[in-house]
Amino acid sequence: MTQTTRLSGTNFLKILRSKVKGKTFDFLRLPLYFLIALLCILSSPVLAKVPDALNSSSQQVINSVTSTSALQQGKVLFDADNFAQAVNVLQQAAQEYKQQGDKLRLAATLSNLSLAYQQLGAWAEAQQAITDSLNLLKEQDKNQNLQVFAQSLDIQGRLQLAMGKAEAALATWEQTEEVYKQAKNQSGIIRSQINQAQAWRTQGFYRRAVETLKKVNKTLQSQPDSLEKTVGLRSLGDALQVAGELEMSRQALEQSLTIAQRLQSNADIGASLFSLGNNTRNTDKQEQKQQAIAYYQQTEKVSPSPLTKIQAKLNYLSLLIEDKQLAQAETLLPSIQSQLEQLPPSRAAVYARINFAQSLSKFSNRNSDTARLLAKAIEQSRSLGDKRAEAYALKSLGGLYEETKQWSEAQNLSQQGLFLAQTSNAPDITYTLEWQLGRLLWAQKDIKGAIAAYDAAVETLQYLRSDLVAVNQDVQFNFRDSVEPVYRESVELLLQSQGTQPDIKILEKARQRIEALQLAELDNFFREACLQGQKVPLDQVVDQDNPNAAILYPIILPNELQVIVKIPKQPLRHYKTKIRQAEVEKILAELRKNLVNPTATKTVEKQSQQVYNWLLQPIESELQASGVNTLVFVLDGALRNLPMAALYDGKQYLVEKYAIALSVGLQLLDPKPLVQQQLKALTAGLTQPPANYPNYAPLPAIKSEFNGITEAGISTTSLLDGQFTSKKLESQINTVSFNIVHLATHGQFSSLAENTYILAADGPIKVKYFDSFLRSQDKTRVELLVLSACQTAAGDNRAALGLAGASVRAGARSTLASLWQIDDESTALFVSAFYQELQSSKITKAEAVHRAQLQLLKHPNYKAPSFWAAYVLIGNWL
């Protein structure tokens with residue numbers, strides 16, 4: 001918001017103080033159980049961001065036992081998102097059926113009651129209701145009531161997943177599938193399988209999840225065209241999108257659309273177009289954003305649903321704002337306002353108002369309009385008895401007051417919102433309110449209170465990990481805006497809170513938070529929380545186990561670059577350079593561009609000396625005095641795109657003085673020495689890329705590269721060209737125990753997991769599958785993975801995150817890779833030298849890389865950094 005005009009908001013505050021909590025949500029994010037409910041809808045349009053009408057499980061439960069007025073009234077209230085009143089009506093219905101001794105209708109009512117409780121975050125009540133329902137059904141003849149039994153199990157699985165019990169949910173949904181099979185209910189089987197895929201993903205079993213979804217697709221393909229099939233395919237497409245499989249998702253959604261058009265179902269046409277819009281906007285490419293806009297415009301034109309229409313227009317609006325087309329965006333505002341006024345009260349309508357308010361806040365002189373929208377949202381959520389929606393709306397209004405620097409009003413609203421979010425079991429809202437309170441307290445110089453609030457937000461994010469990454473990144477959720485700043489601001493606050501003397505406890509806490517950010521970035525990269533960090537005592541790692549290594553943690557903050565350093569036998573220390581983030585990133589981008597140019601050596605030296613001065617100059621003398629010979633960097637942001645070996649002190653490159661390694665955080669890796677044993681390598685490579693990848697050049701020197709490995713005395717098994725397929729690679733690793741896997745093939749590292757891969761003869765092996773291809777069946781870790789012909793994606797300033805992701809996903813203790821494409825003859829020379837050093841000397845892997853780089857640097861043809869600097873060692877440097 002560009003204006004800081006005070007809201008004439010005293011009146012609004014009066015309205016709102018009678019309500020409860022608030023929040024400026026940076027995203028419209030549904031908790032996991034909403035997502036699952038969304039995926040299970042097979043009878044009405046699927047909306048990507050708004051909880052749908054009563055899920056099909058409950059609808060069918062009602063239908064299975066003959067709809068009575070009480071049950072029907074509960075369904076109508078649930079459909080209208082009036083969950084609190086739905087609970088009251090269903091409770092009354094349950095009492096009536098209990099008095100009548102009608103156990104079947106009582107069981108059906110209790111399962112629906114559990115579902116309504118789930119929407120309110122009332123876990124204990126939801127658990128009791130579904131337990132009672134299932135106990136009643138167990139007393140009945142299950143064969144006579146298969147539908148009711150299956151749907152009650154479905155609801156139990158949903159609750160289990162929402163409560164973080166993914167393994168139990170999986171078992172429940174597997175049982176649900178079997179019951180649906182007995183009932184010969186094909187749509188129920190499909191729902192159960194989609195739910196199982198979500199449970200697999202939540203546990204970190206990505207491949208199992210995708211295989212399950214592929215099985216769903218196969219089942220759907222065998223069915224004749226029907227409305228049920230089009231909705232099933234749409235549910236599948238939405239689930240695949242959540243899993244990050246955008247291309248498979250698009251195919252399912254396009255087929256769903258085609259069938260809906262053939263059947264002339266405007267509701268399903270609109271819903272499929274809307275899902276396609278959400279799928280297509282998941283990119284930075286301008287042409288795909290335009291396609292997403294076209295999908296949203298078509299959705300609004302064809303859909304008979306007022307809610308779907310407004311959601312499509314809101315997404316269209318957000319894309320225009322994202323592209324800074326504010327004049328065009330402003331033309332949409334009156335019609336959106338008018339359409340919102342016509343929506344009946346519901347959670348969906350509340351979320352739509354908040355979404356609109358957040359977009360409206362990007363325009364100047366719109367504070368009062370935004371506040372009115374949020375006041376109406378709070379009023380509606382309160383009339384619905386929906387504390388979650390009320391907390392969401394209150395946070396948004398609190399954020400509006402924050403932007404206008406009305407601290408006490410903002411704090412009041414945020415505290416109310418926090419109370420409601422916590423009592424509604426809504427951690428996704430809770431952490432944003434804790435973060436907001438931290439900012440507000442910081443602004444008011446309450447540093448102690450601000451630190452406590454940020455600590456709480458980080459703790460909630462840790463609890464949320466698997467839930468957060470499983471949710472589709474819609475218009476109002478972006479990791480870089482909604483999660484990453486919590487960690488960065490927290491580090492900045494901690495470091496600023498120190499007095500004139502360094503506080504070791506604060507520095508250690510800041511270091512741990514930097515590592516937690518690294519872990520969160522990888523979670524977001526993979527869209528799943530399968531990477532479990534183990535805390536490692538830093539003093540022990542450096543002082544006892546690695547007395548010649550220093551660890552550096554640079555972190556880029558908005559107005560400064562901070563570095564925390566651990567030198568052996570010394571306490572943590574830190575130093576900073578006052579420089580704006582934009583300036584840092586500009587210098588780093590220019591240096592990265594020049595590094596690949598062999599003729600730009602002088603420019604590289606000048607620019608890399610600037611970076612050297614930021615990161616190392618303040619402690620250079622202490623490093624030398626301490627006998628340090630290895631530097632381990634835990635790099636942040638754009639620094640990951642640079643090879644630290646190329647930093648220049650005015651006389652020498654860093655590689656001329658130190659062995660260098662990168663770590664994605666010691667939480668993920670307990671460094672241990674290379675086990676002295678016979679080195680056995682599996683080598684695989686392509687001298688010619690697959691025919692459908694014409695942009696990749698041949699790599700004729702791969703054969704000499706492999707010969708160099710053999711000549712170093714390392715036992716090798718090779719897969720070359722046509723032999724190098726994904727299946728043969730997996731088979732070899734499962735057949736023989738290799739401690740080195742060396743892949744000489746083109747590949748790409750990207751900030752998107754979807755675009756991070758290596759090429760085999762039968763096509764790309766994506767990073768998400770690295771764990772299954774590169775770990776043997778007995779889960780023995782590969783000691784070293786070498787990727788000798790890969791590169792980071794052009795134009796992607798966070799592409800090196802893909803390299804970190806590949807390293808972690810492969811499960812190798814160490815990964816040696818190249819940041820850019822290098823002359824393959826110099827690569828063969830480097831590889832041969834590296835393995836000679838590794839095999840013949842009792843040295844660390846970092847030192848072996850160091851010596852191999854020095855050989856290239858001294859070679860008359862390869863002394864430019866573009867030849868030797870690209871190689872980086874990630875992970876275990878010992």
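A charge sits over a ring if NZ of Lys or CZ of Arg is within 6 Å of the ring centre and within 35 degrees of the ring normal. The views below come from a predicted model.

**View 1. Arginines over tryptophan rings.** Arg439 places its charged end over the ring of Trp435. The distance to the ring centre is 4.7 Å. Arg208 lies over the face of Trp200. Here the distance from the ring centre is 4.0 Å.

**View 2. The largest nonpolar core, around Leu615.** This core has 217 residues. Leu615, Leu616, Leu631 and Phe633 have the most contacts inside it. Helix H27 (residues 504-526) supplies the largest share, ten residues. Beyond its neighbours within four places in sequence, Leu615 is in contact with Leu552, Pro554, Leu561, Val563, Tyr575, Phe633, Leu639, Met644 and Leu647.

**View 3. A second, separate core.** This core has 40 residues. Among them are Leu110, Leu136, Val148 and Phe149.

**View 4. Phe78 and Phe83, an edge-to-face pair.** The whole structure holds eleven aromatic pairs. In this one, the centres are 5.1 Å apart and the angle between the planes is 70°. Phe78 and Phe83 are both buried.

**View 5. Tyr351 and Tyr392, a pair between two helices.** The ring centres are 4.8 Å apart and the planes meet at 70°, so the pair is edge-to-face. Tyr351 lies in helix H19 (residues 347-360) and Tyr392 in helix H21 (residues 387-403), so the pair ties together parts 41 residues apart in sequence. Tyr351 and Tyr392 are both buried.

**View 6. An aromatic cluster.** Phe830, Phe834, Tyr835 and Tyr871 are linked by ring pairs.

Terms used. Residues numbered from 1 in each chain as written. Predicted model: local features only at pLDDT ≥ 70, side-chain atom pairs only at ≥ 80, totals over all residues. Heavy atoms only, no water. Core = buried A, V, L, I, M, F, W, Y, C linked by side-chain atoms within 4.5 Å. Buried < 20%, exposed > 50% of the residue type's maximum accessible area, 1.4 Å probe, protein only. Helix = DSSP H or I, 4+ residues; strand = E, 2+ residues; numbered from the N terminus. Contact = heavy atoms within 4.5 Å. Phe/Tyr/Trp six-rings, centres within 6.5 Å; stacked < 30°, edge-to-face > 60°.
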